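Reader: Please take a close look at a single part of this model. Which residues meet there, and how are they placed?

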Amino acid sequence: MSAADITISKSAGATGQKINAICIGSGRFLRSVLVPLLSSHAKPCVFQTRGRTFLDSFKDNGNVDNNTPKLLTYPVDTVEFDGTTTTSDIEIYAAGTLGTADGRSQLMDNLVSQINSLTVIGVGVTEAGLQNATNQCMLDLTELLFKVYTRMSAATDILQCPNPNNGKICIINTDNVPNNGDVIRDHVMQNGRDIYSDD
């Protein structure tokens with residue numbers, strides 16, 4: 001499936017229902033470390049926070065023919081201990097942008113309502129993205145978590161988290177911020193109180 005602000009690989013199912021890991025941000029460290037790890041045992045998607053260069057790169061490199069996506073892969077170079085460089089093609093299952101209303105809707109409304117399980121949310125939004133709770137990246141993460149929580153709380157829904165420890169979703173951050181887990185939790189909790197306390 002392909003729309004202006006999202007491309008979903010044919011490997012992800014017709015509506016992306018097989019995706020089970022979501023990454024917010026598309027920086028180099030997230031793309032070269034976290035996404036390859038996730039791709040080795042999960043089906044991740046990557047949403048750029050503002051622009052669309054990562055999304056457009058799939059059209060530019062031939063992964064999308066006439067708006068029909070093939071496998072979505074991008075190259076990652078690894079410098080080995082002996083100094084040689086190996087290049088691996090990393091597969092993801094969707095690419096999109098949160099920088100437009102359509103892109104946000106594609107993730108928050110469409111994709112989240114279709115996936116069957118979610119194990120990991122990767123966050124790589126730079127130090128500036130973690131600066132305060134009202135930063136758009138933290139608002140996006142809070143909204144995503146609220147929509148996932150709402151689906152998991154519904155008695156008739158099938159969205160599951162197969163992780164051990166009571167099925168809690170793991171949030172992994174790749175930004176160079178001291179105590180980044182505490183920072184993100186504090187921002188999300190503040191946004192939850194400010195935005196969703198009546199829900």
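Author: Glu-143 has 16% relative accessibility and therefore counts as buried (under 20% relative accessible area; exposed is over 50%, partly exposed in between, with a 1.4 Å probe and protein chains only). The model is predicted, so local features need pLDDT of at least 70 and side-chain atom pairs pLDDT 80 or more, while totals for chains, interfaces and linings use all residues. Residues are numbered from 1 along each chain as its sequence is written, and side-chain values use heavy atoms, without hydrogens and water.

The side chain of Glu-143 forms a salt bridge with that of Arg-104, at 2.3 Å from N to O (a side-chain nitrogen of Lys or Arg within 4 Å of a carboxyl oxygen of Asp or Glu). This pair links distant parts of the chain, since Glu-143 is in helix 5 and Arg-104 in helix 3, 39 residues apart. Helices here are DSSP runs of H or I with at least four residues, strands are runs of E with at least two, and both are numbered from the N terminus.

A salt bridge also joins the side chains of Lys-147 and Asp-109, at 3.3 Å from N to O. Lys-147 belongs to helix 5 and Asp-109 to helix 3, 38 residues apart. Lys-147 is partly exposed at 26% relative accessible area, and Asp-109 is partly exposed at 40%.

The helices themselves come next. Helix 3 (residues 101-114) packs on helix 5 (residues 136-153) at an angle of about 25 degrees, with the axes 10 Å apart. That angle makes helix 3 roughly parallel to helix 5 (under 35 degrees; over 145 is roughly antiparallel, 65 to 115 roughly perpendicular, the rest oblique). The crossing of helix 3 past helix 5 is right-handed.

On the helix 3 side, the contact (heavy atoms within 4.5 Å) is made by Arg-104, Met-108, Asp-109, Val-112, Ser-113 and Gln-114. Helix 5 supplies Gln-136, Asp-140, Glu-143, Leu-144, Lys-147, Val-148 and Arg-151. By class, the residues of this contact are four nonpolar, three polar and six charged.

Elsewhere in the model, the count of salt bridges comes to six. One of them pairs the side chains of Arg-52 and Asp-5, at 2.4 Å from N to O. Arg-52 lies in the loop between strand 4 (44-48) and helix 2 (53-60), and Asp-5 in the loop between strand 1 (2-3) and strand 2 (6-8), so the pair ties together parts 47 residues apart in sequence. Arg-52 is partly exposed at 27% relative accessibility, whereas Asp-5 is buried at 7%.

Note on methods. Axes fitted to C-alpha atoms, helices over the stretch in contact; angles between N-to-C directions. Left-handed = near helix turned anticlockwise from the far one by under 90°. Nonpolar A, V, L, I, M, F, W, Y, C, P; charged D, E, K, R; others polar.
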